[in-house]
Amino acid sequence: MTTKLQVSGLSKYFLTRDGEPRKVLDSISLNIETNQFVCIVGASGCGKTTFIRAIGGLIPVEEGEVRIDGQRVEGPGGDRGFVFQHDSLLPWRTVLDNVVFGLEVRGVKPAVSHPLAESLLQLVGLNGFDKHYPSELSGGMRQRVNLARALAIDPDVLLMDEPFAALDAQTREIMQRELLKIWAQKRKTVLFITHQIDEAVYLGDRVLVFSSRPGKVAADIAIPFERPRPLSLKRSPQFLKIVDEIWTLIEQEVVASMQA
Amino acid sequence: MTQISAAHDEAKVQAPSPALPARLTQAPTQAQLTARSRRRAILSVLGGLALWEFTGQFLVTNPILFSPLSKVLAVGWKLLLSGELMRHFGVSALEFALGFALSALVGVALGFLMATSRRTQDILDPWVSFFYSSPLVALMPFFLLIFGIGLASKVAIVFVIAVFPILLNAFVGIRSADPHLLEVAKAFNCTSSQIFTKILMPAALPFVIVGLRLGIGRALTGVVVGELFASRAGVGYLITAAGLSFDTATVFLGVLIFSLMGVVLMEGLKYLEHRLAPWRKSVQETH
Ligand SMILES: Nc1ncnc2c1ncn2[C@@H]1O[C@H](COP(=O)(O)OP(=O)(O)O)[C@@H](O)[C@H]1O
Ligand SMILES: [Mg+2]
């Protein structure tokens, strides 16, 4: 197995309102192998979004570095595709035009990008919706479009920041299963952030547990389940045991950070 | 049992099923509601026109104080045949078109510039705040002195009073672009000109349309004010001249022409918005 993503000694500070620097990420180091599905869980505000934005090159970091295939990350790049937490489709673009956005920006001609986008829409189960506007879609459908848009630039690494957080429980489960199906087909390295432990355990090869204030990796847990994973796995005792284990870790973290 | 009735319903999905609750089948459809609204609007307009005619014919019969619709239309017809009407209308329309086009161009361009350049904003902001709230029609005598009685002074007054709401709305439009979408643009490695054309401009479009709508109203006022002050032609001139000779029918005709211009321009802008921003229509329809 080769290393795809290498994070070493990464620290990030934000200035407080008084202009004081506050450490949000504390010298995080980790390696992620090619095509690995890694989930990050942690209490709200522990720095998960900051971490994934740093890896995406959307914000500068004060200490440490991120390398992809050994190349130091200096900014956003086509080797990483983002799926955001919030509703991030462009409301004035149709579904198809949203999916081709990343390609259009790089000057790919519609003759090339449109057929590709059509096939991706098929992959995420949205064929026939290419002329719709985002406002006409349900939350689940919008996140499918978001995923297709990220996949369109064919990145090596998919960065997903709580993409299913806004969805209802049933839709979320379906989306989890579909995401695994797509991942099995497309073979990407995935960094997936969630605050739902069962989601992390169901999806990931590995679950990183973040602790708060400042954010760092408190635990790195290998998930042993075979793939493909049926949704019924979530009801199995072994699954619930791992979820419980992680919950205990986070619970301690939350209590600890509240006392600090 | 349930299976059978499901298949049964499916077969006649076209016709309203008698099994549906009566309240549902009797509820008017969206198209029926729209048609009903339109019928009411037309009736309201016709009623208003009838009232106008009735008042002029029977209630206020003094021709200096009031003029019925039929007489206004007759005067209009006469002026149309003599070519007078088109001459005056042409003058006013040209003043409006030039002044409004200039204010739209300058307003949108400066608004966008202010919203994207901190320095421009700092420099222009006090002036925009000052002029936006000033009663700029008072500048008309000054424009007459500088530009004379002809076209230029009218274009100047139209421009000056229409440009600020357009500028301000364009500015606010760019500023209100969703920061999440700007992050998306960054994540996809957009250049700053791509961010401008693909994110900021479409985000600002609805605001720009609002600014143009306000601008149209103000520009029409500008034409009227400009021509009432001093002019040799134009619908405003027609109104002034008629007023001085107690010709109330022609005064009403002039006001009617300005009002119709306003209505037509607003409708044109609505059409433009539908064409340029179809996603907004779909927002309204889905909610
Ligand atoms: N741009 C910013 N400026 C200042 N503080 C920030 C900024 N972004 C995030 N923070 C702070 O950093 C901490 C981590 O935030 P975030 O990464 O969004 O957490 P999470 O995604 O885990 O909920 C929070 O306390 C938040 O208030
Ligand atoms: Mg977050």
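Tutor: Let us start with M114(B), which has its place in helix α5 (residues 84-116) of chain B; helices (H or I, at least four residues) and strands (E, at least two) are DSSP runs, numbered from the N terminus. This is a predicted model, in which local features need pLDDT of at least 70, side-chain atom pairs count only at pLDDT 80 or more, and totals for chains, interfaces and linings use all residues. Residues are numbered from 1 along each chain as its sequence is written, chains are lettered from A and ligands numbered from 1 in the order in which they are written, and side-chain values use heavy atoms, with hydrogens and water left out.

Student: Is M114(B) buried or exposed?

Tutor: Buried means under 20% relative accessible area, exposed over 50%, and partly exposed in between (1.4 Å probe, protein chains only). M114(B) has a relative accessible area of 1%, so it is buried.

Student: Which residues does M114(B) touch?

Tutor: A contact means heavy atoms within 4.5 Å. Leaving out residues up to four places away in sequence, M114(B) touches T120(B), Q121(B), L124(B), D125(B), V128(B), L167(B), F171(B) and R175(B). In space, the C-alpha atoms of M114(B) and L168(B) are 9.4 Å apart, although 54 residues separate the two in sequence.

Student: How many helices and strands are there in chain B?

Tutor: Chain B has 13 helices and zero strands. Of its 287 residues, 37% are buried, and among the contacts in chain B with a separation of 6 or more, 71% are between residues 24 or more positions apart.

Student: How should I read the sheet in chain A?

Tutor: Strands of a sheet pair through backbone hydrogen bonds, either parallel or antiparallel. Here two strands pair if DSSP finds at least two bridges between them. Chain A has an open sheet of four strands in the order β2-β1-β4-β5, with antiparallel pairing; its edge strands are β2 and β5 (71-72), each of which pairs on one side only. Strand β1 (residues 3-15) of chain A is joined by nine bridges to β2 (residues 21-33) of chain A, and T3(A) stands opposite E33(A) in β2(A). Five bridges join β1(A) to β4 (residues 63-68) of chain A, where L5(A) stands opposite I68(A). In the hairpin of β1(A) and β2(A), with five residues between the strands, G19(A) takes a positive phi near 85 degrees.

Student: Why is helix α1 of chain A described as largely enclosed?

Tutor: Seven of the nine residues of α1(A) (residues 48-56) are buried, so the helix is largely enclosed by the rest of the structure. Among these buried residues are F51(A), I52(A) and I55(A). Just after α1(A), G57(A) takes a positive phi of about 80 degrees.

Student: Which residues are closest to the centre of the largest pocket?

Tutor: Rolling a probe the size of a water molecule over the atoms shows where empty space is left. Of the 16 residues that line the largest pocket, the closest to its centre are L89(A), P91(A), W92(A), D178(B) and L181(B). Helix α10 (residues 192-229) of chain B gives the largest share of the lining, four residues.

Key:
1 Å grid on protein atoms, 1.4 Å probe; cavity = no way out; pocket = protein on both sides within 12 Å on 5 of 7 lines; lining within 4 Å.
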